[in-house]
Amino acid sequence: MERYYQEDIECASRETIVSIQNEKLVKQVQHVWDNVPYYRKKMEEKGVTPADIKSIDDLHKLPFLSKYDLREAYPYGLVGVPLKDCVRIQSTSGTTGKRVVAFYTQHDIDLWEECCARAITAAGGTDEDVCQVSYGYGLFTGGPGLNGGSHKVGCLTVPTSSGNTDRQIMFIMDLQATILCCTPSYAAYLGERMKEMGYGPDDIPLKAGIFGAEAWSEEMRHDIEKTLGIKAYDIYGLTELSGPGVSFECSAQNGMHVNEDHFIAEIVDPDTLEVLPDGCEGELVFTSLDKEAFPLLRYRTRDICSLTREKCSCGRTHVRMAKPKGRSDDMLIIRGVNVFPSQIETVLINQGYAANYLIVVDRVNNTDTLDVQVEMTPEMFTDNVGEISQKQKNLEEALKSMLGIKAKVSLVAPKTITRSEGKAVRVIDKRKI
């Protein structure tokens with residue numbers, strides 16, 4: 001039976017959802033105009049005032065925000081309330097320039113935790129569950145978000161944070177944890193380690209996993225589900241919008257429901273910025289409807305996906321976003337071809353390899369090179385040079401078929417690629433170094 005945390009909202013009619021969004025958007029635009037001079041200036045440059053925004057049909061008139069704006073306005077330039085009303089910050093692990101710092105009032109935190117509670121409930125969570133939160137805590141939003149959501153659902157919450165894998169496994173087994181929250185790459189590593197310790201899926205008490213913070217393929221999902229004996233649910237979010245729980249998967253595992261009473265989702269063409277209809281692939285843009293401290297309007301996520309409003313078997317009526325195919329800024333352009341790491345991962349898992357790999361991109365004699373280091377599983381490991389050579393050739397052919405360009409594959413021994421306890425480092429692009 002499908003469970004809901006707030007059924008009246010999650011299963012509301014389309015008319016009710018639109019009515020909520022219209023009311024909140026008008027109020028939020030006025031709030032931003034009055035309290036965020038940085039965005040007010042952008043509106044003035046575009047010739048837009050709050051009077052021009054009467055409903056969500058007018059959303060397209062508003063200017064976009066990007067990570068550039070967040071760095072430009074750092075640290076306090078986009079804060080929409082007096083600092084005395086802010087109770088917390090969270091921050092991204094940005095790789096260049098200033099970190100992105102997001103601010104929260106207590107009300108913002110309550111709404112964020114409600115969104116995470118919806119996700120845990122959609123994964124079957126109740127007050128009888130033991131929820132182990134193995135996302136990082138601290139500035140990273142994963143741990144705090146799911147921790148708060150777990151409390152709201154009433155689960156016994158085990159705040160292990162990331163790392164110390166053997167201790168994680170001890171708690172899973174001793175406390176009989178039923179829900180695991182972490183990055184998919186760490187879930188795969190936990191599964192690999194538990195298998196080594198002699199635990200089969202039937203020995204592991206977990207029933208569900210809520211995995212996000214990085215792109216992962218359907219093949220990786222099935223791999224994790226098989227190893228841990230669970231159902232694996234996707235969750236999506238960004239620090240800029242609050243954190244995990246902006247959208248989440250239901251039992252149908254067919255796209256993530258956006259919490260539309262808190263966020264408006266749009267898909268735009270990343271080049272022309274024109275809004276695209278449902279079903280078209282493009283860049284995901286979000287407007288936060290009731291964030292007080294850090295109220296972002298039309299924020300460009302750089303995530304590439306599509307939206308659908310087709311009826312979902314779970315009964316929820318909120319729009320669904322497809323699993324992001326990658327990010328427009330993580331997308332590799334190699335010899336003029338767009339390549340997403342998730343495409344490479346799909347090929348590897350289809351060929352029987354674990355999701356332990358490293359993509360190295362370089363430029364030699366003005367030509368891009370693509371090298372993929374792939375870890376062999378213990379079962380397939382061999383020191384027979386001819387056999388390894390044949391396996392590499394097979395993988396190279398499969399990758400060329402998927403990507404449309406040639407990649408050089410190097411098979412390496414088990415355990416030689418560094419494991420990640422947070423976001424996995426999958427790509428080294430030496431062209432930028």
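**Figure 1. The hairpin of β18 and β19 contains a residue with positive phi.** Two residues separate the strands of this hairpin, and asparagine 365 adopts a positive phi near 50°. The model is predicted: local features need pLDDT of at least 70, side-chain atom pairs count only at pLDDT 80 or more, and totals for chains, interfaces and linings use all residues. Residues are numbered from 1 along each chain as its sequence is written, and side-chain values use heavy atoms, with hydrogens and water left out. Strand β18 (residues 357-364) pairs with strand β19 (residues 367-375) in the antiparallel sense over eight bridges; aspartate 362 stands opposite threonine 369 in β19. Strands (E, at least two residues) and helices (H or I, at least four) are DSSP runs, numbered from the N terminus. Two strands pair if DSSP finds at least two bridges between them.

Figure 2. Axes are lines fitted to C-alpha atoms, for helices over the stretch in contact, and angles run from 0 to 180 degrees between N-to-C directions. β18 and strand β21 (residues 427-429) pair in the parallel sense over three bridges, with isoleucine 359 opposite valine 427 in β21.

Figure 3. From its first C-alpha to its last, the 19 residues of α11 reach 26 Å, close to the 27 Å expected at 1.5 Å a residue; the expected span is 1.5 Å times one less than the number of residues. Asparagine 384 caps the N-terminal end, with a side-chain oxygen 3.0 Å from the backbone nitrogen of glycine 386. Glycine 404 follows α11 and has a positive phi, near 85°. The buried residues of the helix include Ile388, Leu395 and Leu403, where buried means under 20% relative accessible area, exposed over 50%, and partly exposed in between (1.4 Å probe, protein chains only). These buried residues pack against β17 (337-339), α10, β19 and β20; contact means heavy atoms within 4.5 Å.

**Figure 4. Nine strands form an open sheet with mixed pairing.** The order is β4-β3-β5-β6-β7-β8-β9-β14-β13, and the edge strands β4 (156-158) and β13 (307-308) each pair on one side only. Strand β6 (residues 208-211) and strand β7 (residues 231-238) pair in the parallel sense over four bridges; in β7, alanine 232 is the bridge partner of glycine 209. Helix α9 (residues 218-228) packs on the sheet, touching β5 (179-182), β6, β7 and β8 (243-249), and its direction makes about 130° with that of β7.

**Figure 5. Glutamine 176 and arginine 298 are residues other than glycine with positive phi.** Phi is near 55° at glutamine 176, in the loop between α7 (165-174) and β5. Glutamine 176 is partly exposed, with a relative accessible area of 44%. At arginine 298, phi is near 50°; this residue lies in the loop between β11 (282-288) and β12 (299-305). Arginine 298 is buried, with a relative accessible area of 1%.

Note on methods: A polar contact is a pair of N or O atoms within 3.5 Å; within protein, one must be able to donate a hydrogen and the other to accept it, and residues adjacent in sequence count only if both atoms are side-chain atoms.
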